[in-house]
Structure formats: structure tokens, C-alpha cells
Amino acid sequence: MRSSWGSFGACGVALTLCCVMPLCGCSREHTNADSATLSISCGALGVELKLCTEGVRRWEQRTGHRVQIVSTPNSSTDRLALYLQVLASGSSDLDVLQIDVVWPGILASHFIDLTPYLGDAPREMFPALVENDTVDGRLVAAPWFTDAGVLYYRADLLKAYGFDPPTTWEELTHEAQTIQDEERAKGHQGLWGFVWQGKPYEGLTCNALEWVASFGGSILADDGSVTVDGPKARAALEMAAGWVGTISPPGVLQYDEEAARGVFQTGNAVFMRNWPYAWALAQSGDSPVRGRVGVVALPRGPGEAGRHVGTLGGWQLAVSRYSKHPELAADLVRFLTSPEEQKRRAIEGAYNPTIVSLYRDPEVLEANPFFGKLFDAFAHAVARPSGIVGPQYNRVSNAFWRATHDVLAGTEPADERLGALAQELRRLRARARW
Ligand code: GLC
């Protein structure tokens, strides 16, 4: 069974009813006295929904229970708005929710503590993720897959022009511009140098944090003070603004993950910033760039402070405290986050496991050679400041991506816009006391 959020995209986030109705409409019939019907929300990026459905079907076969799969909007920002509406109403319509790594602090009060249900499983997972999902001593979600931003490149094009994969942004800009110019002169008019996620939403926060941190800057310091108006953050955003309309299409300011992948996978970009899931799709049977793609760590910024940075992303499974079947729902989470399922998802969909030992599994590494090579990038990805600001994270991120988008669009110079952003964040900090 599958239902979807139907008209969500069309009705936007402000209007509750038309978005939630498809959910309310899902009747939760029981097939017999012993069998319950649960519902789980799954992402639908690339092959995500298919992998989720297959995992859920296995659990159904093992337990005899049924699960309704609800697909949610691809945009993390839209999905959060929707969850907030559903959870605030205390609705029992969603038992298991797929939540972003930056949301435990925002949503914790709506979820049960999974500790009694998961046994020793969390000990096998990256400790930083388990810590991330633990709020006030309660394990409010189980890490399902992890993410870090990486750089995809067209190995065939780089080779043809005698370039190595870039290690600095300066090299990337030069290689992208050179190949774009030369290839266009040869008739490939639609080719762009570099595509990424520039739409004003959570994905832009991830991209921009990578630029800023790769220069040695930050949004907030570890003690919570606001640092986003520093010279490094400014230089990083000015660099990215310089790409728009030169090596990146003007439309990049409305690209999300799938839009960037669409351009890259059809052979129309030299470089792409994206998450690991794009690997399995770029390598799939019908992909025009199959066998011509490489993956490396994102380039570093200039000078001594420059470093390679990927933003930590990833998704967790949580059980709603409004669920009528919390124990069954927790069992579904236990199964979906098990080594068996995580291995299958890694091999079929390039979803990075949260279980450390799977990075030594030969079959996982054969399907995703860059998992081994970039292990450090995954293990030490830079976190968004959700741990510092907790429930305020969405406000902070929203302010950051809006300011970044203005700078990229050239609406206001970087120093002025970042100054205004810093003031906004300082006011918020004074009110929220993070
Ligand atoms: C990916 C990441 C997630 C992030 C989102 C932004 O889904 O896993 O953590 O928030 O992209 O678009």
C-alpha cells in the first residue's frame, strides 16, 4: 500500500488541511485480530522510495503486519513543515517518520525513546550520530543512513584536457571554465562547468556551510556566538557568487539535489556537488554518464586555513509518541536500521551505512569504491549548528540560506548582507539563549 502527500507541493506549507487530508484518508484497517497496519513516511529522492518499500515488505513478510508507505516532499524544508503540522495535531496517522539529522532537537518531544527496543545496535553505529539522535538522554531516533557532500566529476572530460580532479576551489573554477569554453566551442552548447544546490532551502545551507568551512570560517562558534560575518565566510560566499552565470547556470539558484543531478547525469556538467546517492544513479544501466564519473572530497579553500569539507547529512527513523502501536513501530525501525538492510541499501542505492563495520564489507566497497577512499570525509563531516541551537535550528538555517541566496543572486554585497544576517542571529540568540 502506498499513499502520498498528494497536493502538498501545490498547496504550500501554510495551509494544513489539504496537505494532511491524504494522510487522514488512509484508513488504518486491521486485516485480522493479530495484524496491525502501521504507517511510515519515506523520502523519495532517486531510488529512496523503492528501497524503503522493499525493506518494509520484508518486515511485513516476517511479522504478518502491514505497513502503509507515505512519500513525503523531496525538499527537507517542506518535509519539516509538514511534519510539524502533523505532529502538532497529535495525529496517530504516522507511526514511523524519516527525519533529517538536524531535526532531533526540533522534534524530540514528539518521539518515543528507542533505547529499550534497539538493544546493542547503536553501539555498532557512528557514535557522533547516536549522540546527535540522543536528546536529554533519550534516543529519539535511530540513524538510518548518513551523508556528506562530495564532488562528482566527469573523468573522461578531465582526462581529455589533462586535468587531475581539483583539490582547491581555484582549481575547480579553472578546470570547469576551461572545459566549458572548449567544449562549447566544439558544439556542446549546453555544457556547464559546475552544478550544485542553490535554491533557498536546507540544501543551500549545506552547500554554503561547505564553502564557508572550507575557507576556515563558520556560522556559529562552538560556544554559540555568531561568526558568520567574518572575513572567511564573506570570501567564501563571494567566490560562490562568482560562479553564477559563469561556470554555473543562472538557474542553479533554483536547483535542488535532483535538478543538479538531472543536468550532470544527462552529460551537461563537468562537476557536481551532491550526496552519495547520486553515485548509484549515475552508474545505473540507463545513465548517459555511466562509467565516466569519479567522486572525490570537495575542494578546500585557500591558504593555511583551507580544508576539505563535506556537510554532515543523513536520515534517521523515529517513532511518534502518538502511535497506537509504538512497540511494533520500534520493531520496524530496528529491522530497517539493521546491518542486513543497511548493506542492501548501500549496495543498491549508495546509501551510506551508519554501521561502521559495513565500511569494511567487500561487497559494499565494490559497489561504492569511494566509501573506502572517502571514509574520513564521512566520519568527520562538518555538522550544521543544530546541536548548538537545538529547537531554533530551522530559524537559524532559514536566515542563513536566505542571506546566502541574496549574495548569490547579487541582490546585496556579501559584507552588508552577512552583517545583517549576523545581527538577526545575535537577536535570536539573545531571545533563545543558546
Ligand atoms: C540530504 C541530507 C540532509 C539534508 C538535505 C538538504 O537529504 O541527507 O541531511 O538536510 O540533503 O537538502
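A residue is called buried when its relative accessible area is under 20%, exposed when it is over 50%, and partly exposed in between. The model is a predicted one. With that cut-off, the buried residues of helix H20 are Tyr393, Val396, Ser397, Ala399, Phe400, Trp401, Ala403, Thr404, His405, Val407 and Leu408.

## Overall fold

The protein chain contains 21 helices and twelve strands. Its radius of gyration is 22 Å, close to the 22 Å that the globule rule gives for 434 residues, so the chain is as compact as a globular protein of that length. The C-alpha trace spans about 70 × 55 × 40 Å along its principal axes.

Of the 434 residues in the protein chain, 56% are buried. Among contacts between residues at least 6 apart in sequence, 73% join residues at least 24 apart.

| Helix | Residues | Number of residues | Span, first to last C-alpha | Expected span |
|---|---|---|---|---|
| H3 | 48-63 | 16 residues | 23 Å | 22 Å |
| H20 | 393-409 | 17 residues | 24 Å | 24 Å |

The span of H3 is close to the expected value at 1.5 Å a residue, and the span of H20 is likewise close to its expected value.

In H3, the buried residues include Glu48, Leu49, Leu51, Cys52, Gly55, Val56, Trp59 and Glu60. An α-helix has 3.6 residues a turn, so residues three or four places apart point the same way. Just after H3 comes Gly64, with a positive phi of about 80°.

What do the buried residues of H20 pack against? Their partners are helix H4 (76-88), helix H5 (104-107), helix H10 (202-214), helix H11 (231-243), helix H19 (386-389) and H21. Gly410 follows H20 and has a positive phi, near 75°.

Most residues other than glycine have a negative phi, and most peptide bonds are trans. Asp136 is not a glycine, yet its phi is positive, at about 50°. Asp136 sits in the loop between strand S5 (134-135) and strand S6 (138-139). Is Asp136 buried or exposed? At 77% relative accessibility, Asp136 counts as exposed.

Arg433 is another residue other than glycine with a positive phi, near 55°. Arg433 belongs to the segment after helix H21 (414-432). With a relative accessible area of 73%, Arg433 is exposed.

Pro353 lies in the loop between helix H15 (339-349) and helix H16 (362-367). Its relative accessible area is 1%, so Pro353 is buried. Leaving aside neighbours within four places in sequence, Pro353 is in contact with Phe126, Thr146, Gln342, Ala346, Leu358, Tyr359 and Phe371. Pro353 and Ser338 are 15 residues apart in sequence, and their C-alpha atoms are 9.8 Å apart.

Thr146, one of the contacts of Pro353, is part of strand S7 (residues 142-148). Thr146 has a relative accessible area of 3% and is therefore buried. Beyond its neighbours within four places in sequence, Thr146 is in contact with Phe126, Leu129, Leu312, Gly313, Gly314, Asn352, Pro353, Thr354 and Tyr359.

Arg360 is also found in the loop between H15 and H16. Arg360 has 62% relative accessibility and counts as exposed, whereas Pro353 is buried. The C-alpha atoms of Arg360 and Phe371 are separated by 9.3 Å, with the two residues eleven apart along the chain.

## Pro326 in helix H14

Pro326 lies in helix H14 (residues 326-336). At 29% relative accessibility, Pro326 counts as partly exposed. Which residues does Pro326 contact, leaving aside its neighbours within four places in sequence? The contacts of Pro326 are Ile112 and Val319. Pro326 and Leu114 are 212 residues apart in sequence, and their C-alpha atoms are 9.6 Å apart in space.

Conventions:
Residues numbered from 1 in each chain as written. Predicted model: local features only at pLDDT ≥ 70, side-chain atom pairs only at ≥ 80, totals over all residues. Heavy atoms only, no water. Helix = DSSP H or I, 4+ residues; strand = E, 2+ residues; numbered from the N terminus. Rg over C-alpha atoms; globule rule 2.2 N^0.38 Å. Buried < 20%, exposed > 50% of the residue type's maximum accessible area, 1.4 Å probe, protein only. Contact = heavy atoms within 4.5 Å. Expected span 1.5 Å × (residues − 1).
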